[in-house]
Amino acid sequence: MSDATTVGNDTGDIEAGETLMEIDHVSKYFSSGSGFLSGFFGSPDVKAVDDVSFEIKKGETIAVVGESGCGKSTLARTVLQLLRPTAGSVRYKGQDLTELSDKEIRPLRQNMQMIFQDPQSSLNPRMKIGQIVEEPMKAHGLYDSEGRTERAKVLLNKVGLDPSHYNRYPHEFSGGQRQRVNLARALSTDPDLIMCDEPVSALDVSIQAQVLNTMQELQDEFGVTYLFISHDLSVVRYIADRVAVMYLGQIAELANKEELFENPKHPYTEALLDAIPVPDPRATNARGTLEGDVPSPINPPSGCRFRTRCPKVIQPGALGKEPTDLPDEVQAARLQSYELEPAVWQDTLAFTRAVNRRSFVLDEGESDQTEISLPPEEVRTRLESLFFKNGWPEGEVERTINAAIDSLSNGEWEDAATLLSNTFEENSICAIEQPTYTVAPERGDIHVVNCHLHR
Ligand SMILES: Nc1ncnc2c1ncn2[C@@H]1O[C@H](COP(=O)(O)OP(=O)(O)OP(=O)(O)O)[C@@H](O)[C@H]1O
């Protein structure tokens with residue numbers, strides 16, 4: 001960085017498109033307990049990020065998307081070493097940051113800046129915006145006082161603000177303008193990477209596109225890389241080059257943006273895309289919305305994290321592979337032959353989940369569903385019309401379902417749920433093995449799809 005008014009990253013050692021950062025099997029666990037006793041007895045870990053690997057390329061915008069609580073912010077903070085990982089490594093230009101002390105990392109921080117969601121609270125109300133923009137340069141000992149002022153004014157102009165407003169206070173600006181101040185501040189040290197955590201979520205939709213456009217123009221000019229965190233796929237579609245979809249601490253799918261939006265392969269990505277609001281008010285928006293709640297990151301599902309909500313769980317045995325090391329109760333519930341028609345398997349899965357969630361009433365005459373006074377044949381007829389519209393399963397599957405019906409007829413929902421889960425869900429490859437696959441992309445150079453359908 002030779003001259004305070006020069007823009008553009010002049011580290012020179014890495015070309016656009018080359019690997020800037022490598023995130024390699026990174027996990028970040030938090031302790032779930034804060035109480036006095038947890039100090040003595042320990043407490044289970046919150047697996048906020050669990051074994052995540054990807055690369056960040058110089059000059060790109062890589063977005064991380066997913067529902068609230070899936071670990072996006074924790075991942076971003078771990079990449080920047082604001083949180084130290086529980087396991088794994090983060091390499092910046094080949095240097096493993098996890099091996100460095102806080103003191104050794106400090107000078108590198110000028111290359112990695114941040115912008116957060118709330119432009120109001122991230123600006124000190126008692127500082128003038130010029131001082132705010134100069135602050136990181138001062139902290140890293142860049143330029144002399146005059147040089148910093150000069151650069152701050154150049155940057156204010158670059159982000160679309162009037163440099164003559166250098167002496168104004170944050171409250172004199174709108175939300176969008178304050179986020180522009182944050183951008184100028186982040187750019188002041190000429191960083192390689194800016195981590196943007198929901199940078200436009202707090203802004204009016206009409207302002208969002210303007211700020212995103214400015215971010216893109218600045219990227220073209222400065223060659224800066226964005227790690228962009230968002231729960232909003234419409235925003236991601238606008239700004240990203242590549243997208244990583246996160247679910248419950250792990251990456252479900254990662255691909256070039258066009259590939260991900262045009263050719264999504266993971267059922268979770270498909271569900272997120274289906275949930276994007278349809279602009280036409282006459283069109284229905286209820287295409288296969290996500291069922292159930294996100295499970296706890298303290299005790300996430302085995303195998304594929306998404307499998308407890310996935311509409312495409314693979315029927316047990318379908319991959320012709322005999323699993324080993326199954327829990328006894330799951331092994332005991334394993335059937336010799338499954339070859340259900342896809343539609344009948346879907347019905348069986350839906351029935352299994354409905355029993356688990358107790359999402360239907362069997363005997364409307366009974367307020368307490370532990371006391372069912374219907375005969376088993378009647379229970380079966382009801383279930384048939386509720387769940388098995390594509391035909392009643394046969395063979396071993398039928399025998400299992402009949403055994404579950406016997407339990408339900410006795411009001412024993414828990415027993416029925418356990419039998420069905422162990423036989424159908426827990427015996428699926430989706431529960432047994434963690435999926436890690438890549439497929440040949442139609443667009444872009446990588447397509448990770450962590451789903452057994454793409455084995
Ligand atoms: N310091 C902490 N201690 C304990 N648990 C935490 C801590 N920080 C985050 N978590 C938990 O880790 C999980 C991931 O949280 P994180 O904030 O990274 O998700 P997110 O996808 O960014 O969500 P949001 O969009 O709501 O910010 C959540 O279950 C959260 O409750």
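The structure described here is a predicted model. The shell comprises 13 residues, of which Phe30, Ala48, Ser68, Ser73 and Thr74 come nearest to the ligand. Two elements give two or more residues to this shell, namely strand E2 (45-57) and helix H2 (72-79). Sorted by class, the residues around the ligand are five nonpolar, seven polar and one charged.

Strand E2 also belongs to an open sheet of four strands, arranged in the order E2-E1-E4-E5 with antiparallel pairing. The edges of this sheet are E2 and strand E5 (95-96); each has a single partner strand, so one side of each is left without a neighbour in the sheet. The partner of E2 is strand E1 (residues 19-31), and the two antiparallel strands are joined by nine bridges. Within this pair, Lys57 of E2 lies opposite Thr19.

A parallel pairing is found elsewhere in the model, between strand E6 and strand E7 (residues 193-197), where four bridges are present. One of the residues involved is Met114, whose bridge partner in E7 is Met195. Strand E6 (residues 112-115) is covered on both faces. Met112 and Met114 are buried on one side, and Gln113 and Ile115 are buried on the other.

Helix H5 spans residues 145-158 and has 14 residues. From its first C-alpha to its last, H5 reaches 20 Å, close to the 20 Å expected at 1.5 Å a residue. The buried residues of H5 are Arg148, Arg151, Ala152, Lys153, Leu155 and Leu156. These buried residues pack against two other helices, H4 (129-139) and H6 (175-187). Just after H5, the backbone at Gly160 adopts a positive phi of about 95 degrees.

For the protein as a whole, the model contains 16 helices and 11 strands. Of its 455 residues, 40% count as buried. The C-alpha atoms fill a box of roughly 90 × 55 × 50 Å, taken along the principal axes. Among contacts between residues at least 6 apart in sequence, 70% join residues that are at least 24 apart.

Technical notes: Residues are numbered from 1 along each chain as its sequence is written. This is a predicted model: local features need pLDDT of at least 70, side-chain atom pairs count only at pLDDT 80 or more; totals for chains, interfaces and linings use all residues. The expected span of a helix is 1.5 Å times one less than its number of residues. A residue is buried if 20 or more other C-beta atoms lie within 10 Å of its own, exposed if 12 or fewer, and partly exposed in between; C-beta atoms are placed from the backbone. Two residues are in contact if their C-beta atoms, placed from the backbone, lie within 7 Å. A residue is near a molecule or strand if its C-beta atom, placed from the backbone, lies within 6 Å of it. Ala, Val, Leu, Ile, Met, Phe, Trp, Tyr, Cys and Pro count as nonpolar, Asp, Glu, Lys and Arg as charged, and the others, Gly among them, as polar. Two strands pair if DSSP finds at least two bridges between them.
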